Amino acid sequence: MPGQIITRPNPPPTPSRLPDSMNEYAVKLKSKNPLTPSELRAIQKFRRAANYIAAAMIFLKDNILLEHQLTFDDIKPRLLGHWGTCPGLVLVYAHLNRIIKETGVDSLLVVGPGHGAPAILASLWLEDSLSPFWDHYTRDRTGLTRLITKFSAPGGFPSHINAQTPGSIHEGGELGYALSVAFGAVMDNPHLVVTCVVGDGEAETGPTATAWHAYKYIDPAESGAVLPIVHVNGFKISERTIYGCMDDKELIALFSGYGYQVRIVSDLENIDQDLAASMEWALEEIYHIQREARSMKPIEKPRWPILILRTPKGWTGPKKMHNEFIEGSFRSHQVPLPQAKTSQEELQALQDWLQSYNPHELFTTKDDIGVEGAPTEELLSIVPDKRDKKLGCRKEAHAAFQPIEVPEWTCLGVQKGSQASCMEVVGTLLRDTIKDNQNTFRIFSPDELVSNKLGAVLEVTGRNFQWDETSRAQGGRVIEILSEHTCQGMLQGYTLTGRTAFFPSYEAFLGIVHTMMVQYSKFTKMARETGWRHNIGCLNYLETSTWARQEHNGFSHQNPSFIGAVLDLKPTSARVYLPPDANCFLSTVSHCLGAKKYVNLIVGSKQPTPVWLSPEEAHKHCIAGSSIWKFASVDDGKDPDVVLVGIGVEVTFEVIAAAALLRKMVPALRVRVVNVTDLMVLGPHGIHPHALSDDGFNTLFTEDKNIIINYHGYPIEVKGLIFGRPAVDRIIIEGYREEGTTTSPFDMMLCNHTSRYHVAAAAITAGARSNTKLSADSETNANAFMDMIKEDTKYIYAHGMDPEGTFDTPRFD
């Protein structure tokens with residue numbers, strides 16, 4: 001079956017078995033006619049104009065105002081775009097304009113149905129929010145011609161909302177997280193009301209399902225509010241939606257259970273009055289909740305408003321074609337008349353459709369006074385007069401960056417030679433960052449803050465869970481919710497509106513937001529290329545509870561694949577750091593907090609590990625990104641037989657332990673130890689801004705000696721980075737082999753071939769190729785280390801623990 005069988009347009013949901021009393025939980029309004037006759041005419045004309053432009057953008061390459069009968073030559077060679085959601089988005093946009101002008105509310109619009117770009121672009125052009133950013137989209141015939149003819153064509157706007165769209169802070173390419181982005185945007189923006197349109201197809205996603213709870217993390221005393229509008233038009237690309245098959249009672253029950261006040265907007269004959277009254281009610285409810293909280297009388301468990309907007313899919317478009325329903329069916333989802341370029345019947349239907357909006361009443365002509373092709377004054381009467389009030393010109397969306405005060409980290413450094421938890425030490429830096437940035441810094445964590453030993457932040461702040469009586473109205477800077485998707489969405493909304501945040505997580509589960517992170521990086525790439533979008537802070541991930549010390553939770557918690565996800569990003573966007581000790585961690589996190597525009601991934605351990613470098617040494621090492629560690633090398637690393645490289649906390653420990661063993665057992669082997677803390681230095685010069693030159697690479701790793709790399713992640717990642725470097729066949733890489741279970745920490749190193757014994761054995765074999773003194777005994781010495789593997793494995797399985805002293809700091813006496 002190619003698509004949903006439609007026996008009638010806009011089919012109603014099958015009645016539920018819920019009692020009719022459920023309808024009593026829906027909000028009923030006393031007055032449903034707030035619009036004056038002139039306002040009603042203006043809104044209806046605005047909608048007609050925006051719908052006309054949106055439809056024309058999908059089809060027309062010429063004859064944009066229907067000044068003659070359409071011909072095949074007027075139709076684009078490739079028809080791209082999504083019509084079905086556009087009329088509903090235009091309806092919302094028109095009413096937002098009106099209520100902004102009427103009340104002065106500061107508002108952003110987050111659009112979940114990202115492919116509804118024609119509706120948003122048309123509305124932006126009408127309110128003249130395109131030309132301030134794109135000077136060739138003037139509000140006249142020339143600008144309108146470019147908007148329509150270049151849409152979804154080279155040199156024009158794409159078919160979905162992106163960073164080139166003024167006023168946008170959400171890509172919309174991947175469905176599901178518009179709502180959490182909206183909630184992130186209002187945090188610490190007490191003046192802001194973000195309207196978020198959630199499509200009923202998008203509402204089927206897991207990220208959206210959890211994001212309905214996000215208002216429970218909004219303190220109305222310190223933050224703004226989100227007004228969700230669930231746009232129920234009933235269809236996806238070829239099937240009905242879940243929400244479209246739910247009757248009002250089911251939707252009322254669902255959202256009342258989430259904790260909202262539900263207002264159904266569905267009076268199609270009177271839709272403008274219905275929506276206008278509903279928006280006025282919703283805004284007053286928001287203001288009431290905020291007034292009480294800001295008067296130190298917060299309402300316990302306030303019920304925020306939500307609107308359920310029922311309109312037909314593809315409303316105002318073609319009704320039928322080829323004896324198939326279009327409006328009110330999945331066939332209006334994308335291009336309703338896909339053969340308009342070649343079918344005379346469909347071309348005529350397009351002519352009739354576009355003509356039904358009466359464009360000659362909406363746009364000025366040559367004979368009118370003023371600019372040709374501009375919107376008429378009447379339809380513009382609902383548009384805010386002040387530029388900074390317009391939805392497309394809000395500074396929160398493009399020019400709101402507030403750099404934070406990054407505390408001096410060196411005073412938090414720990415003594416060289418001691419052992420310390422990287423996370424515990426970094427927790428003190430994050431604690432001080434919160435103290436110094438009370439309104440511009442937050443931590444979003446999937447319920448793992450204390451588990452990851454970052455609890456120091458709770459010395460100066462609490463959690464912001466408003467449904468918990470001990471956290472309510474306490475100004476907490478920590479958001480903990482067991483949904484990585486919701487954390488990621490709120491993180492994005494908070495960051496894209498100018499603030500700075502941190503996302504600590506168990507290593508194995510950051511992959512849950514892999515595609516969300518990629519979508520964000522695509523948005524920021526395009527933002528950098530627009531020219532008019534200002535700086536934003538970095539998206540900062542702190543990856544801890546790593547596979548190397550997840551032996552207690554077992555195989556399911558052992559997965560470093562998020563590193564590869566970040567490495568795959570555009571090099572100008574990606575940064576991956578694996579600081580080897582607590583002081584290096586402090587230096588790296590401090591840098592990331594103050595940086596801009598990147599996706600930063602910092603990988604480390606929460607268990608106590610040796611502090612190899614002093615704060616001063618750590619700072620120099622992190623600036624360089626990699627360096628020779630003379631204390632663990634023979635003769636400060638001069639003229640080595642082999643180079644041992646550690647990348648990551650635990651695997652670097654094994655490299656140092658191997659160097660100590662070799663110093664004792666094979667003193668003739670000349671070893672150089674190198675640590676890499678910035679993974680990007682390994683890539684070929686010119687590929688990444690941090691990449692070492694070939695001369696720099698050879699200075700560090702030698703031109704011809706064998707290199708043994710012990711890497712925290714999957715070896716294929718480093719192989720990809722070093723591809724293109726000279727003489728890569730001399731490099732051996734070990735890392736996570738997808739081996740693990742509930743076992744001991746050292747057994748994790750053994751089973752993944754990253755243990756000191758594996759490193760030492762490989763070093764002997766490799767070093768013997770250039771040091772003839774070792775050749776005779778190299779196999780014997782390597783086998784000795786292989787025997788140690790067997791002995792320690794036997795001990796671990798017999799006693800259920802690692803041999804005593806396994807993780808003592810290696811000595812080089």
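**The parallel sheet and its helices**

Guide: Ile-443 has Val-478 in E10 as its bridge partner. The model is predicted, so local features need pLDDT of at least 70, side-chain atom pairs count only at pLDDT 80 or more, and totals for chains, interfaces and linings use all residues. Residues are numbered from 1 along each chain as its sequence is written, and side-chain values use heavy atoms, leaving out hydrogens and water.

Strand E9 (residues 441-445) and E10 run parallel and are joined by three bridges. Strands are DSSP runs of E with at least two residues, helices are runs of H or I with at least four, and both are numbered from the N terminus. Two strands pair if DSSP finds at least two bridges between them.

The open sheet has six strands, paired in parallel in the order E10-E9-E11-E12-E14-E13. Its edge strands, E10 (478-480) and E13 (574-577), each pair on one side only. On average, neighbouring strands of this sheet are turned by 20 degrees against each other, direction ignored. Axes here are lines fitted to C-alpha atoms, for helices over the stretch in contact, and angles run from 0 to 180 degrees between N-to-C directions.

Helix H12 (residues 484-496) lies across E9, E10, strand E11 (500-506) and strand E12 (539-544), and runs at about 165 degrees to E11. Helix H15 (residues 582-594) also packs on the sheet, where it touches E9, E11, E12, E13 and strand E14 (599-603); contact means heavy atoms within 4.5 Å. The direction of H15 makes about 165 degrees with that of E14.
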